Amino acid sequence: MNNQDLRELVNPVFNTAKSCVQLSAASGDKDAQRLLDALGFPPFGAQMSNKPIPKEMLEQVRKLFPAYTIIIETRFQTMNRLIERMEERQIADLPCGYTSRGIRLSRQGRTYFGLDLPAVIDAMGPAVESIIGKNKAVTYHAVDATNYESLENAFTEDSRNLLVTTEGLLMYFVQSELEKVFSNIRCLLQKYGGSWVIADRAYFLYDKEVVAATLNNDPQLTAMYAAVTNRAAATTADVKFNDSVFFDPDDGKVRDFIRKMGFELHEICMADYLPDQIASLNGNPEVEPAVRDVFGKMKFWELTVAKNVTSKPAPVDINLPFRVVSEVKDGVFEVSIQGRMDTITAPELLKQFQNAGTGIRAIHVDVSRMAYVSSAGLRVLLMMYKSLENKDSFDMTGVSDDVREILETTGFDQFLLK
Ligand SMILES: C[S@@+](CC[C@H](N)C(=O)[O-])C[C@H]1O[C@@H](n2cnc3c(N)ncnc32)[C@H](O)[C@@H]1O
């Protein structure tokens with residue numbers, strides 16, 4: 001199994017970014033099309049067009065297309081326009097996915113840091129370079145947003161006045177991860193200055209309204225859209241969505257959380273940043289006013305470090321370097337894990353477990369020196385647990401209070417703890 005296969009098993013969530021760039025290209029973004037070619041991705045709908053679809057259904061599917069593209073087009077383009085109006089800022093795009101933003105900003109001479117999981121960055125760095133050539137101002141960095149050190153490593157002495165942009169990220173985090181990400185970004189802003197703009201709350205609250213307006217409130221099409229997207233979401237990434245306070249329907253709870261995490265919140269009306277022409281609506285100009293009305297209610301959330309937070313950014317992750325030491329004795333896989341186990345580090349554990357071969361009848365995991373575990377790390381532990389015929393022969397020792405809390409809030413304790 002190669003590195004990319006291991007990463008796919010550990011955290012399949014990066015696959016969600018593929019359909020985003022496919023949809024961007026489908027909505028007419030020429031840079032996205034160049035990226036699709038450079039990355040070797042097929043166009044949106046290619047999988048679908050291989051299957052014979054009845055003629056009357058094809059017509060329906062065609063009508064649904066604008067509903068797919070509008071979410072991605074507006075999310076990407078409104079953020080682009082906001083970035084373009086904040087000329088002094090250096091952009092930290094977290095997560096950059098496979099978007100063409102770096103290519104676009106390279107033409108404007110802006111400083112851009114594309115930040116995403118290693119599985120994405122390994123492909124994006126070379127793909128963008130093949131289009132724009134070497135460019136010191138537009139760089140890509142493998143990070144895990146829950147891992148402060150990986151984020152800080154992306155920046156340099158000259159980094160300042162950051163505009164951290166987030167579209168399509170926070171829904172993948174459980175509460176403990178969300179808290180880490182918030183405190184990591186707060187520390188980055190304390191060190192480099194700037195603010196953090198998030199689109200995810202607005203789309204959580206209003207994406208259905210945007211889609212309904214785009215489909216002219218046609219009940220049959222709207223229901224069909226919901227059915228197809230639910231199925232696609234479940235198969236693309238085997239992860240839970242919206243499983244933290246950030247997606248609580250009660251706005252008050254989210255605002256409290258933001259305050260507790262040391263931020264002040266400012267709202268920015270998204271309608272002011274919509275492009276003059278929304279390409280996804282080209283075939284349907286009559287619905288445009290209703291779509292723009294929905295955006296009148298949608299807000300980017302801009303977070304700045306609260307004035308009362310004066311403490312210097314503490315080294316948030318005072319963790320031991322990650323290390324996995326394992327051996328197999330009489331069919332027992334004995335392993336000790338040190339440091340923080342996240343999307344970047346967890347593939348090492350999976351690799352050692354796979355190298356141990358078949359015939360493992362029991363697993364002992366010593367986590368007494370494990371500082372933190374993210375969903376990706378939990379997924380690997382669960383894979384190991386599931387591989388055993390006799391589930392009682394999985395044993396985890398040295399569980400700290402912090403790790404226990406993560407296991408309990410994610411529900412993994414019912415498998416991994418006795
Ligand atoms: C739905 S995509 C959105 C990407 C991009 N912003 C866009 O609009 O196309 C979600 C992205 O989040 C990234 N991601 C998920 N968990 C992450 C983490 N812990 N740290 C950094 N990136 C992460 C995935 O790799 C993926 O690229």
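Modeller: Before we start, residues are numbered from 1 along each chain as its sequence is written. This is a predicted model, in which local features need pLDDT of at least 70, side-chain atom pairs count only at pLDDT 80 or more, and totals for chains, interfaces and linings use all residues.

Biologist: Thanks! How many helices and strands does the protein chain have?

Modeller: The protein chain has 17 helices and eleven strands. Both are DSSP runs numbered from the N terminus, with helices (H or I) of at least four residues and strands (E) of at least two.

Biologist: What makes H14 roughly parallel to H15?

Modeller: Helix H14 (residues 346-355) and helix H15 (residues 375-387) pack at an angle of about 15°, with their axes 9 Å apart. Angles under 35 degrees count as roughly parallel, over 145 as roughly antiparallel, 65 to 115 as roughly perpendicular and the rest as oblique. H14 is therefore roughly parallel to H15. The angles run from 0 to 180 degrees between N-to-C directions, and the axes are lines fitted to C-alpha atoms, for helices over the stretch in contact.

Biologist: Which residues of H14 and H15 make the contact?

Modeller: Ala346, Leu349, Leu350 and Phe353 of H14 meet Ala376, Gly377, Val380 and Met384 of H15. Two residues are in contact if their C-beta atoms, placed from the backbone, lie within 7 Å. By class, this contact has seven nonpolar, one polar and no charged residues. Here Ala, Val, Leu, Ile, Met, Phe, Trp, Tyr, Cys and Pro count as nonpolar, Asp, Glu, Lys and Arg as charged, and the others, Gly among them, as polar.

Biologist: Why is H1 called roughly perpendicular to H14?

Modeller: Helix H1 (residues 3-10) and H14 pack at about 110°, with their axes 9 Å apart. That angle makes H1 roughly perpendicular to H14. Asn3, Leu6, Arg7, Leu9 and Val10 in H1 meet Ala346, Pro347, Leu350 and Lys351 in H14. This contact has six nonpolar, one polar and two charged residues.

Biologist: And what makes H2 oblique to H3?

Modeller: The axes of H2 and helix H3 (residues 30-39) come within 7 Å and cross at roughly 130°. That is why H2 counts as oblique to H3.

Biologist: Which residues are closest to the ligand?

Modeller: Among the 20 residues that surround the ligand, the closest are Phe14, Ala17, Cys20, Gly97 and Gly168. A residue is near a molecule if its C-beta atom, placed from the backbone, lies within 6 Å of it. Helix H2 (residues 16-26) gives the most to this shell, with three residues. The shell divides into eleven nonpolar, six polar and three charged residues.

Biologist: Where is the cis peptide bond?

Modeller: The cis bond joins Leu94 and Pro95, with omega about 10°. Pro95 lies in the loop between strand E1 (90-93) and helix H6 (101-107).

Biologist: What is the phi of Asn216?

Modeller: Asn216 has a positive phi of about 55° although it is not a glycine. Asn216 sits in the loop between helix H10 (200-214) and helix H11 (219-236).
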